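Here are some notes on the model, for use alongside the coordinates.

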Amino acid sequence: MKYEKHIKLDEALYTFKSANPYFEKKTEEIFCEDLMNHSEQIDCAVSKTMFQELSYNSYNFQVLDKSNILLIGPTGTGKTLLAKTLAQCLDVPIAICDCTVLTQAGYIGEDIESVLYKLLKVADFNIQRAQMGIVFLDEIDKIAREAKGRSMFKDVNGEGVQQGLLKMLEGTIVNVPEKGGNKNPRGETLQIDTTNILFIGSGAFPGLDKIINERCCKNSLGFGAKISEPYDENSTDGRVLHQCDPIDLVKFGLIPEFMGRFPVHVCLDALTKRDLIMILTEPKNALLEQYRALFEIDGIELIITEEALDVIATKALEKNIGARGLRTVIERILLEPMYETPGSNVVAVLVDKKAASGETRPRLFRKEELSKAIHV
Ligand SMILES: Nc1ncnc2c1ncn2[C@@H]1O[C@H](COP(=O)(O)OP(=O)(O)OP(=O)(O)O)[C@@H](O)[C@H]1O
Ligand SMILES: [Mg+2]
């Protein structure tokens with residue numbers, strides 16, 4: 001299965017689309033060039049089915065409820081990027097909110113309503129447009145309540161925020177301060193109906209794989225039980241996350257009422273080496289293109305061999321921080337040439353396998369050398 005993983009990401013996109021039936025019918029125009037793991041054929045197939053479904057919905061007009069989505073996946077696998085790309089494709093406003101700064105009412109920090117204020121701002125204070133938007137609750141795992149016994153103090157941040165979000169997630173009319181900031185009893189408010197706003201929660205949920213594994217191992221005790229493979233703590237493939245059950249998330253620290261309001265779970269796999277190479281080279285604004293452009297400003301050509309790409313991807317994979325590792329690795333390799341070459345007579349920089357693995361420095365070609373090479 002060549003595209004096994006890619007289909008999964010497409011499925012994720014598909015789930016997004018079908019989860020909120022009120023999205024505009026922009027399906028034909030879907031373009032996801034920026035998001036890797038997409039092959040053209042699959043893209044077309046997905047948009048076709050989505051289009052059929054949407055037109056079907058408009059025929060049998062029914063009131064359909066939205067289903068909020070929980071994205072679970074290791075860091076740097078493109079969760080935020082996926083939501084951003086989706087909003088771009090659908091042409092709806094998206095507010096990317098950080099859950100770590102939210103506090104329950106009355107405490108210092110941002111009020112829960114501030115997420116809707118952000119959405120309003122992105123929608124240029126067009127309430128109608130905002131009511132069809134997406135609220136992306138990033139780092140949702142950080143508002144999990146502390147495990148029992150770990151904290152002796154009152155839990156301010158986690159559980160209270162989850163409780164405060166309950167009604168908003170389900171769909172209600174929320175009073176949002178007109179000027180942003182925290183609630184002020186005398187301040188003007190705007191009313192926003194959250195019934196059609198799609199909430200996407202996203203987090204890396206560190207340690208969740210262990211919880212899932214414990215549960216799976218427990219089930220495998222006794223006569224006739226299926227024997228599962230032993231858990232490898234160092235495995236980074238993230239496949240175990242696909243067996244995630246609401247019970248595991250409750251054990252992680254999300255309260256059941258909160259969990260119940262995210263009926264759709266999407267697990268993103270950790271990126272493979274092949275994915276990383278694709279991310280480096282293929283998107284419109286690919287990392288490699290960015291570095292090429294950087295050198296081009298000074299009239300220098302940057303050449304990176306295929307073998308070097310392989311080494312870069314392997315090194316990035318070892319860092320375990322997803323696609324973000326790519327930039328770290330490339331920066332380290334190109335640091336010296338980036339400072340040395342501008343203003344000199346260097347015309348080309350070559351990164352081969354050895355330079356990528358740090359054994360040698362990238363080769364610099366000066367004008368004379370290049371012309372000599374051509375004459376020979
Ligand atoms: N599947 C992907 N396709 C293309 N680029 C990707 C992909 N995944 C990650 N990236 C690159 O990595 C960067 C980080 O991705 P992103 O911010 O979406 O990660 P994340 O999953 O939200 O991580 P975190 O859990 O740490 O917030 C993006 O800016 C993008 O350039
Ligand atoms: Mg993110």
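1. In the protein, 72% of the contacts with a separation of 6 or more join residues 24 or more positions apart; two residues are in contact if their C-beta atoms, placed from the backbone, lie within 7 Å.

2. This is a predicted model, in which local features need pLDDT of at least 70, side-chain atom pairs count only at pLDDT 80 or more, and totals for chains, interfaces and linings use all residues. Residues are numbered from 1 along each chain as its sequence is written, and chains are lettered from A and ligands numbered from 1 in the order in which they are written.

3. The mean pLDDT (the predictor's confidence in each residue, from 0 to 100) is 76 for the protein, with 70% of its residues at 70 or more. Helix H12 (residues 306-319) has the highest mean, 93, and helix H2 (residues 40-59) the lowest, 41.

4. Over residues 20-62 pLDDT stays under 50, and the model has 65 contacts beyond four places in sequence for them. Residues 233-237 also stay under 50, with four such contacts beyond four places in sequence.

5. The protein has 15 helices and ten strands, taken as DSSP runs numbered from the N terminus (helices H or I, at least four residues; strands E, at least two). Of its 376 residues, 37% are buried, that is, have 20 or more other C-beta atoms, placed from the backbone, within 10 Å of their own.

6. Helix H3 (residues 79-90) has twelve residues and spans 17 Å from first C-alpha to last, close to the 16 Å expected at 1.5 Å a residue; the expected span is 1.5 Å times one less than the number of residues. Buried residues in H3 include Leu82, Leu86, Cys89 and Leu90. Just after H3, Asp91 has a positive phi of about 60°.

Terms used: A residue is buried if 20 or more other C-beta atoms lie within 10 Å of its own, exposed if 12 or fewer, and partly exposed in between; C-beta atoms are placed from the backbone.
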